[in-house]
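Hi,

Here is the structure I said I'd pass on.

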Amino acid sequence: MAKQWQRQRDWYKGGAESDGILTFVMYALAIFLFFGLHNLMQEAIMTFQGFNYGLMLGYLEVLGVTVFTHIERKYTPGDGEGGE
């Protein structure tokens, strides 16, 4: 657990694993950009004539996020229980 906290402190200070706050800001902006594009495309899909599956589209999105979050936390080193 101590290694994890040390790695997080190094990250915020711009340690060996990253460039610090600049990297964080770039990732945060990328997330907002891609999430905004995702929402625009989802709204465009729901306006198609005859498309009546908006609720199912939302359920599939939640299911996908849940499954891939589980995979990430289980099989990658770092914060999850798997790996390291």
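**What turned up**

Residues are numbered from 1 along each chain as its sequence is written, and side-chain values use heavy atoms, with hydrogens and water left out.

Back to Q42, which sits in helix α2 (residues 21-46). Leaving aside residues up to four places away in sequence, Q42 touches L57 and E61 (a contact means heavy atoms within 4.5 Å).

Now the overall layout. The protein has three helices and zero strands, in the order α-α-α along the sequence. Both kinds of element are DSSP runs numbered from the N terminus: helices are H or I with at least four residues, strands are E with at least two. Of the 84 residues in the protein, 8% are buried. Take the contacts between residues at least 6 apart in sequence: 17% of them join residues at least 24 apart.

How many aromatic pairs does a search of the whole structure find? It finds one. The ring centres of F51 and Y53 are 5.8 Å apart and their planes are at 80 degrees, so this pair is edge-to-face. (Rings of Phe, Tyr and Trp, the last by its six-membered ring, pair if their centres lie within 6.5 Å; planes under 30 degrees apart are stacked, over 60 edge-to-face, and the rest tilted.) F51 is partly exposed because its relative accessibility is 26%, while Y53 is exposed because its value is 55%.

pLDDT is the predictor's confidence in each residue, from 0 to 100. The protein's mean pLDDT is 79, and 70% of its residues reach 70 or more. Which element has the lowest mean pLDDT? That is helix α1 (residues 2-13) with 58, whereas α2 has the highest, at 91. Where pLDDT is low, the predicted coordinates should not be read in detail.

Cheers

How values were computed:
Buried means under 20% relative accessible area, exposed over 50%, partly exposed in between (1.4 Å probe, protein chains only).
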